[in-house]
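Subject: Structure handover

Hi,

Here is the structure for your files, with my notes below it. Please read them with the model open.

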Amino acid sequence: MSLLLQIIVNGILLGGLYSLMALGLALVWGVLNIVNLAHGAFIMLGAYASYYLFTLLNVDPFAALPLCMLVVFACGFVLQRYVLNLIVRAPMFNTLLITFGIDVVLTYLAQIVFSADFRVVNPSYAGANFTLLGTTIPLVRALAFAMAIALTLTVWLVLGHTRLGRAVRACAQNLVAARLYGVEPRTVYALTFAMGAALAGAAGDLYGVVSQINPYIGDPLTAKSFAISIIGGLENPLGVVVGGLFLGILESLTSLYIGSTYTDVASFGVLVLVLITRPRGLLGKTT
Amino acid sequence: MMRAVGSIAFAALLLTLLLVPWLAPPALIQFGTTTLLLATLAQSWNIIGGYAGYASFGNSVFYGIGGYGTAIAMVQFGLPFGIGILLGALLAVFFALLLGLPVLRLRGHYFAIATLALAEAMTGVVSNLDIAGRNIGLVLPLRKGDAFFYELSLGLLAVATLTVFWISRSRFGFGLIAIREDEDAAGVMGINTTLYKALAFLLAGFFSALAGGIHAYWITFIDPVSAFDITLNVMMIIMAIFGGAGTIFGPLVGAVLLSSISEILATEITGMASLFFGLVIVVAVVFMPRGLTDLMQRMPGLGWRYFRENLRLHRL
Amino acid sequence: MKRLLCYAIAMFALFNHARAEPIITLGASVQETGRLANTGRYYRDGYDLAVRTINERGGVKVGTERYQLALKILDNQSDVNLSVRQYTQLLTQDKVNFLLGPFASDFALADSSASEKYEVPMIEGGGASDQIFSRGYKYIFGTLPVASKYFESTVQAMSKLEPIPKTVALLYADDAFDVAVAKGTRELLQNTGFRITQDERYSSNASDFSTLISQIKAAVPDAVLVAGHETEVLNFIRQAKSLDFSPKLYSFTVGVPTADFRLALGRDGNFAFGMTSWLPSASQKDDYFTNAQMFAEEYKKRFGYEPDYHAASAVADVETFVKAIESAASLDPKKVRDAIARIDFESLYGRVQFSEVGQINLPQTVVQVYSDTVIPIYGPKGFINKPRYPMPPWDKRP
């Protein structure tokens with residue numbers, strides 16, 4: 001019984017990490033209708049940022065969060081403002097292709113600049129854990145979980161209750177009207193996309209502490225973030241948390257009862273099922 | 001008179017292509033085979049993505065199924081290649097119907113995502129099947145003689161292109177185009193959209209599977225990661241789009257051009273191929289989203305304004 | 001103008017002829033970029049240093065003529081399909097004389113079909129899986145020890161520990177190499193009388209081991225053996241710490257002897273057992289590099305990082321070709337192939353000699369990491385140093 005409890009706790013914590021990763025993708029997708037296949041590359045960039053801050057300047061990964069987010073924010077802003085803005089009104093499919101291309105380029109550049117050597121961020125508390133109800137809980141994962149909730153709430157607040165948020169939603173709903181109201185869509189889009197990138201950067205920051213960093217970690221994370229965004233639903237910012245938790249627990253239980261090589265089958269199988277039966281996700285309204 | 005000259009030129013080109021294994025050095029035959037297979041894939045995507053407008057990331061699923069069907073038949077059951085590849089194609093058609101019908105109900109990017117998810121799920125499923133060699137894959141029996149594979153690929157491409165030619169002139173094809181332009185209106189006009197879409201998906205899957213089977217036997221190796229490779233899928237889409245989706249020869253042109261440039265880069269500056277590939281995608285999608293054929297048709301009249309027009313239409 | 005052209009052509013021909021040196025080209029498709037580049041570079045650099053050094057020492061003697069070695073390396077970007085095409089290209093377009101192998105068993109498995117198809121010998125130092133050598137192919141030879149025997153010395157050492165570990169958990173990735181390791185290790189453990197509590201296969205490139213670790217922890221085995229890749233080993237150890245799992249002993253097929261491992265884990269890497277088929281000792285003599293220690297120093301000086309058994313294996317491959325060509329006194333692929341099959345010589349890597357199926361037979365030395373050093377523990381002649389066993393729980397580590 002306590003094994004099952006531990007597995008479920010593992011799943012929840014994994015879900016927290018997953019939600020953190022998927023948040024940026026879901027934001028940009030849900031609000032701007034941009035499906036960013038280079039999302040994982042942003043996570044990777046955030047991870048490298050935190051690695052260099054940690055190894056060269058001894059900055060603790062949690063303290064480095066704002067810096068990592070800023071770095072990736074800047075990359076995302078430039079990318080959207082000068083490249084992605086060029087195809088915003090094209091068929092959605094073009095976005096998929098172009099972000100795929102950007103992903104390839106970013107990965108290649110990362111390999112040139114950072115080399116393929118894997119890196120880890122190993123602060124002294126990386127392996128710390130505490131016991132609760134007979135289960136062992138890794139400290140860093142618990143913190144990541146808390147961060148995921150905190151950032152999701154922040155996003156929800158910003159979108160719903162700030163001027164910027166209103167401008168973003170206005171653009172998403174009606175571009176022409178938004179322009180008439182004095183909103184400059186190009187900047188708003190770039191800011192929103194940059195926010196999504198920054199969130200990815202935050203996830204990347206922690207990723208180096210729980211796993212290891214190399215230029216190729218992006219693609220599987222993008223795929224997972226997809227699954228989470230769809231399963232949770234794009235209409236509600238909390239959807240990411242629900243999706244992440246669902247996937248984390250599903251994968252852990254699959255690993256326990258069926259076998260750890262079946263986790264991908266489970267995640268993507270469920271994704272296909274959700275798309276077919278309930279495309280707006282667990283939190284979305286059924287049409 | 002012009003048509004006669006055109007036909008003769010065309011026939012001469014075909015004859016040259018046919019005779020390549022006896023005229024060209026081995027490396028060129030190899031390159032040719034790879035390009036022919038890629039062109040077939042681009043052409044098969046053209047049917048579902050170009051004509052029907054359903055941008056599918058799922059062709060790699062059928063490519064992989066075709067390859068695995070062939071491999072399993074030959075390695076686990078000792079069957080000859082001809083039977084193997086047929087089994088692979090049948091398996092692909094079966095799955096195209098099984099998976100296609102539910103997935104084709106989705107529109108726009110949800111359809112694309114669903115097919116992407118299918119590819120990932122397939123990779124996971126196959127890597128757990130003992131009969132498929134799990135994650136290690138299968139090593140196929142060796143067959144010497146590249147001419148065989150070259151001619152087979154050429155034949156397959158010819159059949160695929162002829163199919164697209166037939167589609168472009170048939171009611172079926174017009175139905176697909178109608179679905180692409182406005183699916184609801186097409187339905188109202190009496191087109192059985194479900195049937196047409198399923199048929200397009202099936203045809204695309206069929207040709208992809210055959211290409212996968214040939215490739216597996218040629219390379220003598222198949223494993224889950226390479227069989228259901230998403231990058232391959234994107235490559236075939238880019239080739240089709242770059243050349244001109246929804247045209248008969250667009251995918252061929254795109255495949256040949258991009259393949260050649262990529263090959264030259266790969267041998268001269270190893271490793272640059274993926275950078276080039278990524279940049280081509282970005283540039284093509286931004287400046288010439290309707291492909292080379294559209295560019296060649298409209299650029300003589302518009303000049304550089306052609307690119308500006310594309311930007312103006314799509315930029316924010 | 002015409003006269004100038006003729007003159008230029010004549011000069012060009014003369015110049016080229018005067019500079020013409022008989023060359024033997026070795027071709028390889030290596031993972032220079034992509035997810036396996038981290039290990040692939042050992043092969044690229046190992047091949048390079050070997051060719052350079054052999055050329056400096058006079059090159060290859062074929063009969064009465066002296067040849068220089070040349071290397072043609074292509075980057076397969078860690079893509080197996082590309083690797084197969086590149087080997088075919090090396091043979092048919094670049095017309096290399098002989099082939100050197102890639103890293104990783106799944107690559108060697110697929111690429112050896114090319115060498116077999118064109119009947120040109122390939123010596124690979126990166127694939128240990130028995131599967132590569134069980135197909136009756138005549139043109140593939142491997143210098144990595146047999147995968148199924150990787151844990152042999154570890155299991156032997158385990159059986160001599162006190163208190164003897166009774167239960168073992170076996171964990172392995174689902175690629176060609178690790179599946180082969182697990183197959184052999186399973187039998188070894190059973191034959192030596194250990195009880196296997198867990199026998200778990202996991203997806204290659206898995207980054208999350210929480211569930212597996214929790215499962216293993218609940219079963220409380222004495223020892224854990226993991227067959228996987230370097231990044232997985234790292235993830236395993238770090239996550240084991242964060243889940244507070246500490247068996248009496250854990251041993252890993254790869255990663256432990258490398259400097260990267262110690263750098264990444266710091267003190268958390270202490271007590272981990274691993275294995276290596278090669279140590280840079282001065283007593284391992286070599287015809288071209290004097291001994292293994294000097295090779296290691298030169299390698300580090302030239303490339304900026306320490307070599308490990310991958311690099312040594314790569315060097316052994318090149319040396320084997322040289323010795324075989326000299327022994328056959330010919331460049332004919334079939335004759336050289338037969339010479340390779342008969343070869344027997346000492347190199348900085350160890351004794352090079354191939355079994356009937358083409359695989360080398362080298363014992364693994366069990367090593368343990370402690371305090372940023374790799375300590376040899378157990379070799380073919382028994383214990384070398386005392387192992388630090390059992391491993392203390394995480395909160396009680398010094």
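A:Gly259 follows H10(A), and its phi is positive, near 150°. Helices here are DSSP runs of H or I with at least four residues, strands are runs of E with at least two, and both are numbered from the N terminus.

Two points on conventions. This is a predicted model, so local features need pLDDT of at least 70 and side-chain atom pairs count only at pLDDT 80 or more, while totals for chains, interfaces and linings use all residues. Residues are numbered from 1 along each chain as its sequence is written, chains are lettered from A and ligands numbered from 1 in the order written, and side-chain values use heavy atoms, without hydrogens and water.

Back to helix H10 of chain A. H10(A) covers residues 238-257.

Next, the hairpin in chain A. Strands E1(A) and E2(A) (residues 135-138) run antiparallel, joined by four bridges. Pairing requires at least two DSSP bridges between two strands. A:Asn129 stands opposite A:Pro138 in E2(A). Two residues lie between the strands, and A:Leu133 in this hairpin has a positive phi near 55°.

Now the nonpolar cores. A core is a set of buried Ala, Val, Leu, Ile, Met, Phe, Trp, Tyr and Cys residues joined through side-chain atoms within 4.5 Å. The largest has 341 residues. C:Phe236, C:Ile237 and C:Phe295 touch the most other members. Helix H9 (residues 193-219) of chain B gives the most to this core, 15 residues. Domain 1 (2-145 + 280-352) and domain 2 (149-276 + 364-396) of chain C both contribute, so the core lies between them. Those bounds come from an automatic or database domain assignment. Leaving aside neighbours within four places in sequence, C:Phe295 has contacts (heavy atoms within 4.5 Å) that include C:Leu49, C:Trp278, C:Phe289 and C:Leu348. A second, separate core has five residues, among them A:Ala49 and A:Cys68.

Last, charges. The whole structure has 26 salt bridges over all chains. The criterion is a side-chain nitrogen of Lys or Arg within 4 Å of a carboxyl oxygen of Asp or Glu.

- C:Arg41 and A:Asp117 meet at 3.7 Å, N to O. This pair crosses between chains, from helix H2 (residues 37-56) of chain C to the loop between helix H4 (92-114) and strand E1 (129-132) of chain A. C:Arg41 is buried at 13%, and A:Asp117 is buried at 18%.
- B:Arg134 and B:Asp130 meet at 3.8 Å, N to O. B:Arg134 is buried at 16%, whereas B:Asp130 is exposed at 59%.
- C:Asp45 and C:Arg44 have their closest N and O atoms 3.1 Å apart. C:Asp45 is buried at 6%; C:Arg44 is partly exposed at 27%.
- B:Arg107, B:Glu183, B:Asp184 and B:Lys197 form one network through salt bridges that share partners.

Best wishes

Conventions: Buried means under 20% relative accessible area, exposed over 50%, partly exposed in between (1.4 Å probe, protein chains only). The expected span of a helix is 1.5 Å times one less than its number of residues.
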